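Q: I have a model open on my screen and would like to learn how to read its features. Could we go through them together, one at a time?

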Amino acid sequence: MNFDELFGHLGQHTVDGLSKGAIYALVALGYTLVYGVLKLINFAHSEVFMVGTFAVLGTWTALGATSNPSFGMMILFLLAGLVAGAVASGATAVGVELIAYRRLRRMNAPPLIFLITAIGLSLVLSEAFGLWQGRLIKGMPTIVEREILFTIGNTEVTNTQLLTIVSALVMMVLLDVFINRTRYGRGVRAVAQNPDTAALMGVNKDRVILLIFLLGGLLAGAAALLYNVRYGNTRFNVGFLLGLKAFTAAVLGGIGNLRGALLGGLLLGVVEVYAATLLTSSWEDVAAFTVLVVVLLFRPTGLLGESLGRARA
Amino acid sequence: MTTDTATSKYGIGGLRAKFGERWAGLPKWQRSLAFIAFVIFLYYLPYLGIPGLTWLRTDYIANGNNWAGVLFTCAVYVLIAIGLNVVIGLAGLLDLGYVGFFAVGAYSVALFGSTQSPVVKSLQAQFGLSEEWAVAWAICIPIALCLAMISGVLLGGPTLRLRGDYLAIVTLGFGEIIRIVVRNVEWSGGPAGIAAIPGPQGKPSPDNNVFGLIDAKPWYWLALTTVLLIVWLVRRLENSRVGRAWLAVREDEDAAAVMGVYPFKFKLWAFAIGAALGALSGLLYASRNGFIEPNQFNAQLSILFVAMVVVGGSGNMAGVALGAVLLAYLPERFREFSEWRFLVFGLALVLVMLIRPQGLIPSRRRARELKDRQEEVAVGV
């Protein structure tokens, strides 16, 4: 137990955990949106994220990106990556809904069946990328060179950490405003509360469901960009563990609750980094799942409760 | 869209019902005779040489896999599917961490039975035993079953009060935790795994004339016998008070509780029994392989197990057995497409579930539950 290291650099590890958790949070939002409306674990969401990482990488390769670009080029690469990741992931998420879920929803199939089609589809997606892009880890140019922006006490904050945390927070706020303030958002909340009543009130249920898959996909695409910037590599099976963690984060915060997903993601990231510091990095997954089990035991609906559909605003 | 699925379903369902009626209408001696013939055929399978059926063999093609070995894998998977079916099909609990129990079984026999395991070594040092001493294989079986049931109760105790979806993710996490802990601690052999796992004839050696390293046929027969025994036991369980309680809890937990069935107790039983069966299959697997390491027990395997149950038709033992055999056998048979087989496997999962969500051979009761749900869909929504 390396307590000296943890408490000596507590701020450092916290910032590191937050930036790791921000990626979890963005992917977790996709799980939480779909769960909040359909009461369904979208198991294929992890592969939606994976497709995003490859789309970002492909765009960078196509634009001829090299390591350490000038500031203008860096912004261009980031924006192009964001657009490509969001479009690819959004399209994949919508495709998952149309291929794997829509027909089953019409049949009112039990949740287990959705889970299996989702598993099948994620297998198809990851295997297709494994065949197409090879099964080895794919490196990529360092678009954002790590440098220390400022120091608080002995906590050094780097540009990538700041970029990750700030963009996750911005997207979170945008999504929150969209769901709580706009007309479409009202439709989403209505379907989450009671699909049949919402349909009787004139909400196009299928369109709302497509919309939430699209939103989840867009956020996963953004997460894919941040992931590529942070880790600098991807692989055909990168989605599995990250998806598992993101789902854990969603459950931790209270699945179906947007703010809960953010809280759960950030918390999970911090817990993992603390555990990796205290023990070794091979224990971080155990710590993540242990926290999940403990939280569920004492608060079975997650930290903030499940509330996408309930009257809140 | 709903109408055409409905007719196709009635079509297949009707055919099955007709077949079922004819089968039930046969005299009892004819049914037992057919059953005995089927069992004999299963025992004969390793020698399969009937013209027209030899293409089934996996060693029929160039560099194919050992046919009896594949049969053994199929039998172990059937055992897993039957155990998981108790949890998913009968009690209606979605367990995504079943590989954890499989690992408990495999590691029980490895840690207590292998002379190379750190546990056995420390026992030897503690009690001044010889270097050759290890727990006998036959004693490892009850140890594995007990440890698995204990871990099933330990996992189920706190988590079975959670709702279904949470249960799924917590069990998935549990499976991963077991794997990572086993990989990280020293007393389990760590990432290097454990070798020299014993079989019924003691530790693996060239002198073992029956359960040896090369010939997989005795292993297959052992696994098949276990499967038949377990099928018989689970069938008895299904038609007992416990089985009816599971069914009641699955269909409506609150109604069951009102009628005096305490759901938690029966869910915990399902978990423990499922865990024991998973451990039994893990034990067989480890004994045949002679070597295990933590990464063999990954979460993807858990998901494959769930797929076997659901594709076959959860709740029906014949169905889950078919699902297990297909999912174990097809990737082996089509090894020449090994790069493509998981892609095809994924596609097949999606297609089967879209076309036949009740599974290939569904339990009659499950199919009816599904049909009820289908009719509950609000009109025009």
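This is a predicted model: local features need pLDDT of at least 70, side-chain atom pairs count only at pLDDT 80 or more; totals for chains, interfaces and linings use all residues.

Q: What share of the residues in chain A is buried?

A: Of the 313 residues in chain A, 58% are buried. One example is A:T32, which has its place in helix 2 (residues 10-38) of chain A. Buried means under 20% relative accessible area, and A:T32 counts as buried because its relative accessible area is 0%. Not counting residues up to four places away in sequence, A:T32 touches A:A250, A:G254, A:I255, A:G256, A:N257, A:L258 and A:A261.

Q: Which residues lie nearest the centre of the largest cavity, and which helix gives the largest share of its lining?

A: The lining of the largest cavity has 13 residues, of which A:I41, A:F43, A:L244, A:F247 and B:L172 lie nearest the centre. Helix 10 (238-253) of chain A and helix 7 (164-184) of chain B each supply at least two residues of this lining, and the largest share, four residues, comes from helix 10 of chain A. Sorted by kind, the lining of the largest cavity has 11 nonpolar residues, two polar and no charged.

Q: What can be said of the second largest cavity, its space and its lining?

A: The second largest cavity holds about 70 Å³ of space. It is lined by 14 residues, and the closest to its centre are B:G199, B:P204, B:F211, B:W219 and B:S287. This lining divides into six nonpolar residues, six polar and two charged.

Q: What is a disulfide, and how many does the structure hold?

A: A disulfide is a covalent bond between the sulfur atoms of two cysteines. Over all chains, the structure holds zero disulfides. B:C140, for instance, is in no disulfide, and the nearest cysteine sulfur, that of B:C146, is 12 Å away, whereas a disulfide needs the two sulfur atoms to be within 2.5 Å. B:C140 counts as buried because its relative accessibility is 0%, and B:C74 is also buried, with a relative accessible area of 7%.

Q: Where is B:E293 found, and is it buried or partly exposed?

A: B:E293 lies in the loop between helix 11 (263-289) and helix 12 (299-312) of chain B. With a relative accessible area of 22%, B:E293 is partly exposed. Leaving aside neighbours within four places in sequence, B:E293 is in contact with B:Y107, B:P191, B:A192 and B:G193. Distance along the chain and distance in space can both be read here: B:E293 and B:V352 are 59 residues apart in sequence and 33 Å apart in space, C-alpha to C-alpha.

Methods. Residues are numbered from 1 along each chain as its sequence is written. Chains are lettered from A and ligands numbered from 1 in the order in which they are written. Side-chain values use heavy atoms; hydrogens and water are left out. Buried means under 20% relative accessible area, exposed over 50%, partly exposed in between (1.4 Å probe, protein chains only). On a 1 Å grid over the protein atoms alone, a cavity is a set of points where a 1.4 Å probe fits but cannot get out, and a pocket is an open set with protein on both sides within 12 Å along at least five of seven lines; lining residues have an atom within 4 Å of a point. Ala, Val, Leu, Ile, Met, Phe, Trp, Tyr, Cys and Pro count as nonpolar, Asp, Glu, Lys and Arg as charged, and the others, Gly among them, as polar. Grid points are joined across faces, edges and corners, and a volume is the space filled by probe spheres set on the points. Contact means heavy atoms within 4.5 Å.
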